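My notes follow the model below.

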Amino acid sequence: MATHVLTVDDATYQEVRDQRLLGFLLFLISDVIVFSSFIYGYIYLRSTVMTWPPPGIEPAALYMAGVNSIVLFGSGATMHYAMEFFKHGDKRKFVGYMIATIFLGLGFLGGQAFEYFNLLHAGTTWPSSIYGASFFTLTGLHGFHVFIGVIFLITVLIQAQRGTYTQQRYFGLTAGALYWHFVDVIWVALFSLLYVWK
Amino acid sequence: MELDVLLRVIAFAGAVVVGLSALMSLIAEWPKKGLDDHVTKVMLGLLALGCVIVILVAFGIFPGIAVPTKG
Amino acid sequence: MNTEHEEHKLDAGFWRATIVMGVISALGMWGVVVFPIERFVPEAAGIAVQIDWLFKFMAFFSVPILVYVNGYMLYFTVRYRNRTGQPMDRPGSSVHDHKALEFWWTAVPSALMLVLGILSYVLIPQYYTARAASANSVTVEAIGHQFSWEFRYPGLRDPVPDELHLPINVPVTVDVTSTDVIHSFWVPAFRMKQDMIPGMVVPMTFTPTEVGKYEIVCTEFCGVGHSGMRDRYVYVQTQSDFDAWYAAEKTKQAHKTTEVTAAVLASGDAAAGGQLFEVRCTTCHNAAPFDQRKVGPGLANLFHDPAHPKLLSGKAPTPADVAEILEHGLSGPMGQMPNAQLNGLSAKDIADLVAYLKTLK
Amino acid sequence: MQAAVGTAQVPHGHIHPPPDTFIKKYIFSQDHKVIAVQYFITSGLFFVLAGLLAEMMRAQLATANNTLLSPTTYNEAYSVHGSAMVWLVIIPILTGAFGNLVMPLQIGARDVAFPWLNMFSFWLFPPAGILLFGSFIWGAPEAGWTEYPPISLQQSFGTSMWCMAIFLIGVSSTITGLNFLVTIIKMRAPGMTWTRMPLFVWATAVTAFLSFIATANLSAALLGLLIERTFGVPFYDPSKGGSPVLWQHIFWFYSHPAVYIMILPAFGIVSEVLPTFCRRPIFGYKAIAYSSVAIGLVSFAVWAHHMFTSGLAPWVQLPFMILTMLVGIPTGVKIFSWVATLWGGNIRLTTPIYFVLGFLSTFTFGGITGIMLASVPADVHEHATYFVVAHLHYVLFGGSVFGIFAGLYYWWPKMTGRMLDESLGKLHFWLMFVSFNATFLPMHWIGLEGMPRRVSTYDPQYQDTNLFISISAFVLGASMLVFAYNAIKSTISGREAGQNPWGARTLEWMIPSPPPYYNFEDIPVVLSGPYDYGKPLPYREIKADLDYMPIA
């Protein structure tokens with residue numbers, strides 16, 4: 001009987017988890033749409049001029065951004081490992097990798113701050129030109145997402161420490177991981193379009 | 001300019017490490033069937049792609065809008 | 001619950017209704033064919049006739065659709081209504097599909113759409129991409145302002161405000177643009193409309209076919225004076241009248257004397273011009289390619305850049321053109337260029353500047 | 001079997017006991033039925049306000065060079081009228097109100113997937129309305145509901161408020177769409193396969209998909225406009241290198257799907273009302289269901305047909321023209337199927353079906369003028385004239401609003417448990433139908449003759465027609481009073497409706513009216529489609545399992 005109740009409850013949990021997972025993925029999709037319409041705007045504006053960036057506008061430094069991207073991508077990898085270790089019940093490694101992820105995320109934000117500082121110093125401001133407009137809007141939007149992601153991960157980590165998640169029931173964690181991967185993957189697109197595309 | 005060389009080396013090294021780990025995780029993830037697993041696979045794949053792009057940049061195969069790094 | 005279905009056939013009543021509707025739609029279609037649109041809105045351009053024809057084509061096929069949809073709707077409703085005394089819950093016909101019927105009412109409209117699509121598409125290039133190329137054809141720049149129009153003719157230095165004069169039976173290309181917000185240049189009698197978008201020059205080609213005076217209307221909201229942007233007219237004139245008007249305009253504008261003679265122009269000093277440019281011009285102009293606007297366009301490569309819009313004459317600018325603009329100013333699609341007094345430029349200065357501009361690549 | 005079925009449908013969201021306090025029950029309620037009523041009331045209020053604005057405009061337009069309203073006031077009036085009718089009335093009523101009221105009941109669920117989000121997205125909606133109408137204080141937006149830059153960059157702070165208002169609405173309908181989509185995908189009663197879903201649910205599913213994809217994009221566009229207005233960041237301002245056409249692209253990429261967000265649920269309502277009162281299966285169930293999907297998909301690839309005079313190259317115009325015309329085909333299929341449903345029925349001429357017939361007639365007309373606007377050369381003449389005004393009111397008023405009233409008269413008994421007065425309802429219909437056509441039919445003609453839209457004064461030659469239009473418009477406004485009176489009368493002294501007053505077969509009619517908090521005592525099992533009149537009901541009741549354990 002007890003077992004029956006338990007199975008029902010697991011099924012109940014599964015049911016609700018699936019709903020939330022689907023909901024969360026749909027949310028991510030709508031977020032992709034937001035980014036893609038800004039990206040569309042960027043490509044459109046860029047297509048209206050001959051030289052990019054417009055003359056007299058100091059663009060962002062490529063290799064700096066390359067290193068910064070690796071920092072973010074690395075955090076994606078560590079996030080995945082953290083997930084795996086949690087699933088296998090290795091609490092200690094899980095916590096370690098989570099913290100690594102969070103710090104890498106913060107590192108990325110720091111790198112971006114440094115980059116912004118350089119650009120503003122060189123006179124490339126947000127309203128300065130269509131370059132400034134697209135660059136700061138896109139990277140800023142993404143940076144904001146990273147910031148939210150960091151907070152998200154910290155919360156999830158605390159929750160995990162409080163023992164909210166069991167090895168069968170850890171939707172919050174899944175959501176956190178998916179969100180973080182999403183933030184990474186968006187950066188792949190932004191890096192290619194804003195820095196690499198010549 | 002030396003700074004840029006240094007940055008390219010770091011970027012390359014990091015990209016190799018991260019890219020490989022992403023690929024290996026992808027291989028490990030492959031048999032899983034859950035909806036979130038499928039999504040994770042896509043994400044890891046794109047992550048690896050990102051690393052490839054960085055490597056190509058580090059080698060200057062993608063010249064990009066390369067301006068000397070300041071600071 | 002009452003369960004026995006009442007099945008129906010397509011009986012005489014149905015066919016009678018169908019025939020009646022057929023007659024009505026035939027009348028309607030005949031009405032569409034003979035309807036004299038031009039009696040209400042004159043067709044003053046070649047393209048107008050074709051567009052009206054297209055409109056009638058669509059109206060023609062719309063009539064039967066409207067008649068049959070509404071007709072069957074009413075007929076079925078009246079015919080199959082629940083009459084007093086009949087059981088409320090008696091189920092109607094159980095027919096819920098009819099493959100052939102559904103196929104045809106999907107296929108026939110699709111075919112119609114395809115025809116309409118082709119008919120429409122063949123019309124577009126005639127007024128849109130094709131520029132008036134024939135020898136005597138006219139090119140006019142139409143510029144929208146809050147809240148007035150401005151028309152620049154080749155060879156006329158100053159724009160003509162709020163009056164568009166066109167010769168009859170001559171292909172005309174109107175390059176529409178705006179200096180402030182989006183306006184829309186609409187001449188109902190020509191069936192021609194084009195948004196005037198700041199920073200964009202869009203050509204519009206047609207051939208006026210009837211002498212007369214036709215209203216120009218702004219159809220894109222452009223601010224508080226939008227409603228007032230009417231009562232301005234296109235004057236389609238016989239070639240001789242048009243030439244007379246053009247000559248009159250030219251003499252009206254001719255009082256301006258030119259101090260920058262060819263001789264002065266030849267004596268220009270590029271170095272001095274360069275310094276002057278830094279002081280006087282860089283507030284509004286970059287020494288960069290045309291599309292790098294500040295207030296005015298970038299001026300690099302001014303004399304050789306294909307992307308640079310043709311100036312007054314519709315031909316590539318000559319040093320003389322540029323000197324003239326520097327001396328007398330210009331109000332064009334890119335905005336207002338002040339004249340020599342306002343810029344405090346002497347004839348020598350202008351010559352130097354032109355010399356400098358020639359050096360820019 | 002027991003466990004499988006019992007756990008297949010979890011009463012998630014109604015796991016907590018019914019609310020006790022007044023606040024929880026009526027203000028911050030998470031019950032989809034209460035939220036639906038909240039939407040009805042709020043949107044109803046905004047409908048009245050926006051309607052009054054329309055009457056103001058018609059008063060101004062009654063004579064050619066009228067000075068009743070200043071041009072500025074007039075511009076503000078039509079801009080807020082348009083924005084409010086689209087974002088505060090039609091979309092919220094059709095998705096928020098009808099979607100919430102009917103969809104969970106029709107799929108045999110106890111609530112939507114995320115009741116809290118549902119409440120949240122409703123409470124984003126009143127502030128949006130307050131922002132939009134409040135903008136009058138600082139000078140409301142003037143450039144119409146499309147707010148094309150650069151003109152919208154020159155306007156006063158009111159336009160920024162407009163941006164925020166629409167942004168809130170955008171977020172709200174994105175959330176609602178997401179919520180409904182999950183609900184429909186995951187929470188259908190056991191046995192309710194996709195092809196056993198009522199057609200209103202099909203329509204809602206497609207609408208939800210559109211609103212959560214397209215609206216996210218709108219939010220981005222508005223963010224851009226707000227940023228540019230606030231910090232002067234150049235996206236749309238040509239003098240700083242931006243592009244006004246960019247706004248048109250992004251805006252219409254949302255706003256064209258929005259047009260179908262505003263009509264598909266009305267299609268759904270029609271498809272529910274017709275079989276009920278014809279006492280016969282709907283003709284071409286699959287055709288109607290799949291055509292909704294087709295319309296939904298195509299709607300993402302037609303936006304530039306609003307920009308045929310914005311200087312797009314012909315090779316860009318061609319595909320948009322063809323695809324736009326393509327939309328006419330699934331729509332036509334629907335209309336023909338509905339007419340065919342009338343054939344051989346046992347038609348009870350109640351108020352809901354009156355409105356459905358009105359819908360069929362007016363919407364067909366609007367659809368045809370739509371095709372006329374899709375043809376590029378014709379559009380070059382018709383674009384931005386009163387022809388367009390007429391067309392869009394034929395589809396949005398003659399389509400959506402007639403559909404909304406059909407749905408209101410149909411589901412009012414379910415929502416309130418009381419009947420509306422039939423003769424008053426029919427009076428309302430005839431007043432509305434006649435005055436509607438009298439108002440908007442002449443607009444086609446003056447548009448073709450050369451009257452542009454968005455003008456507060458016009459050429460005296462259109463004087464008489466406009467006077468006639470204005471008078472009809474006042475009658476149209478007055479016809480709404482009949483409904484108001486009817487609604488009040490019904491709430492005070494309406495006849496008890498009982499469980500299933502119309503003898504319909506969809507699930508919402510299998511439970512008491514108004515439905516109890518848990519909707520279904522037992523979650524039913526669905527054995528076949530809902531429209532087979534004359535066959536026994538296709539539902540089998542089984543006990544649902546209410547066991548629950550907190551979720552991480």
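I looked up helix H3 (residues 91-121) and helix H4 (residues 130-162) of chain A in this predicted model. Their axes lie 10 Å apart, and I read a packing angle of about 155°. Angles over 145 degrees count as roughly antiparallel, so H3(A) is roughly antiparallel to H4(A). I noted the handedness too: H3(A) passes H4(A) in a left-handed crossing.

Next I listed who makes the contact. H3(A) contributes A:Met98, A:Thr101, A:Ile102, A:Gly105, A:Leu106, A:Phe108, A:Leu109 and A:Gln112. From H4(A) I have A:Thr139, A:Gly143, A:Val146, A:Phe147, A:Gly149, A:Val150, A:Leu153, A:Ile154 and A:Leu157.

Then I turned to chain C. Five strands form an open sheet there, and I wrote down the order S4-S10-S9-S6-S7. The pairing is mixed. Which strands are the edge strands? They are strand S4 (163-167) and strand S7 (192-196) of chain C, and each pairs on one side only.

Strand S9 (residues 212-218) and strand S10 (residues 232-237) of chain C run antiparallel, joined by five bridges. I marked one position in this pair: C:Glu215 stands opposite C:Tyr233 in S10(C).

Notes
Residues numbered from 1 in each chain as written. Chains lettered and ligands numbered in written order. Predicted model: local features only at pLDDT ≥ 70, side-chain atom pairs only at ≥ 80, totals over all residues. Axes fitted to C-alpha atoms, helices over the stretch in contact; angles between N-to-C directions. Helix = DSSP H or I, 4+ residues; strand = E, 2+ residues; numbered from the N terminus. Parallel < 35°, antiparallel > 145°, perpendicular 65-115°, else oblique. Left-handed = near helix turned anticlockwise from the far one by under 90°. Contact = placed C-beta atoms within 7 Å. Pairing = 2+ DSSP bridges.
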